[in-house]
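The following note sets out points for a colleague to consider alongside the displayed model.

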Amino acid sequence: MKLRTFSGMRPTGKLHLGHMAGALSNWIKLQEDPGYDCFYGIVDWHAMMSDYANSSVIKGNCREVLLDWLAVGLDPEKSTIFVQSHVPEHAELSLALGMVTPLGWLQRNPTYKEQILNIQNKDLSTFGFLGYPVLMAADILLYRSSVVPVGEDQSAHLEITREIARRFNNFYGEVFPEPDILLTPTPKVPGTDGRKMSKSYGNSINIADTEKEMWNKLRTMMTDPARERKTDPGDPDKCPVWDIHKVFNHDEDEKADLASGCRTGSIGCVQCKKALKEHVVSMMSPIWERRAYYESRQETLDDILWNGADKARVVARETMDAVLEGIGFVP
Ligand code: SF4
């Protein structure tokens with residue numbers, strides 16, 4: 001019996017190397033593991049929560065996310081890949097779960113409080129934004145997922161899904177398994193300014209960037225601030241470029257030479273960045289090729305999404321039938 005799992009990404013733009021080294025590489029490992037049945041959704045209703053005033057961008061962003069997913073190796077023959085709004089049961093289950101979710105659980109949600117404080121340029125005081133954990137729970141529970149892969153910093157997010165499942169089951173019988181957390185490694189991939197790589201910080205190196213764009217970003221990337229001159233000794237442990245070396249450069253001998261050159265001031269940062277670029281480019285080359293292949297095949301992309309939605313809907317409808325029966329709506 002395979003373990004079913006659901007994961008999603010909000011279509012808010014192109015994905016970056018942080019996504020690739022973190023969530024996406026974990027998703028691909030699960031996809032290649034015969035013990036898992038993977039559902040991967042581009043969660044466009046979630047994008048509506050923050051982009052409702054500018055919803056025309058969401059469709060194009062879904063396409064970018066799909067291209068990035070296929071480019072890095074998600075395979076529609078092995079995983080069910082779809083857009084959330086193409087499976088209306090996500091919204092239907094969200095409505096049902098919303099009926100039993102206490103308001104206090106949502107108001108106490110730390111991510112909600114943090115986002116309301118941090119995102120100043122959008123009015124997020126909406127019913128939809130407060131209720132996003134309910135929609136997230138619906139996404140996961142709709143596939144009766146046994147496990148959900150999450151990085152350590154996100155494990156709290158899954159707890160509310162488990163609580164909602166428990167509460168629903170208490171009222172209406174054992175409809176949902178309580179999904180377990182599958183803790184997955186998330187390597188540190190800083191952005192060009194040294195902060196966490198994030199589209200909202202404008203510091204990301206995107207999967208879709210060309211070699212030239214990538215080099216321009218790496219070339220100007222922040223390094224150990226102690227190295228003002230090429231001969232100043234530096235400390236790789238204080239350098240965001242080095243964090244990226246650790247993730248994408250697997251040549252241990254070269255890394256040892258570079259680290260020693262940095263510490264003794266015998267190499268410049270440009271040399272170190274050029275070495276990193278070689279590794280990133282050789283890793284990205286097949287990814288760029290796959291992205292270009294799919295980019296010119298709009299019909300193939302449409303087929304992938306509609307076939308994925310068809311497959312997802314079979315499972316989703318079974319769950320919704322059980323939900324409606326549990327509630328007592330089905331005669
Ligand atoms: Fe960073 Fe490399 Fe420069 Fe050292 S030599 S500060 S590790 S970029």
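1. Two helices, α11 (240–248) and α13 (269–295), each supply at least two residues of the shell around the ligand. The largest share of that shell, three residues, comes from α13. Helices are DSSP runs of H or I with at least four residues, strands are runs of E with at least two, and both are numbered from the N terminus.

2. This is a predicted model, in which local features need pLDDT of at least 70 and side-chain atom pairs count only at pLDDT 80 or more, while totals for chains, interfaces and linings use all residues. Residues are numbered from 1 along each chain as its sequence is written.

3. Around the ligand there are 13 residues, of which D224, C239, C262, C269 and C272 come nearest. A residue is near a molecule or strand if its C-beta atom, placed from the backbone, lies within 6 Å of it. By class, the shell comprises eight nonpolar, two polar and three charged residues. Here Ala, Val, Leu, Ile, Met, Phe, Trp, Tyr, Cys and Pro count as nonpolar, Asp, Glu, Lys and Arg as charged, and the others, Gly among them, as polar.

4. In the contact between α2 and α3, residues D44, A47, M48 and D51 of α2 meet V57, I58, N61 and C62 of α3 (contact: C-beta atoms, placed from the backbone, within 7 Å). These contact residues divide into five nonpolar, one polar and two charged.

5. The protein chain has 14 helices and five strands. Along its principal axes, the C-alpha trace of the chain spans about 80 × 40 × 40 Å.

Terms used
Contact = placed C-beta atoms within 7 Å.
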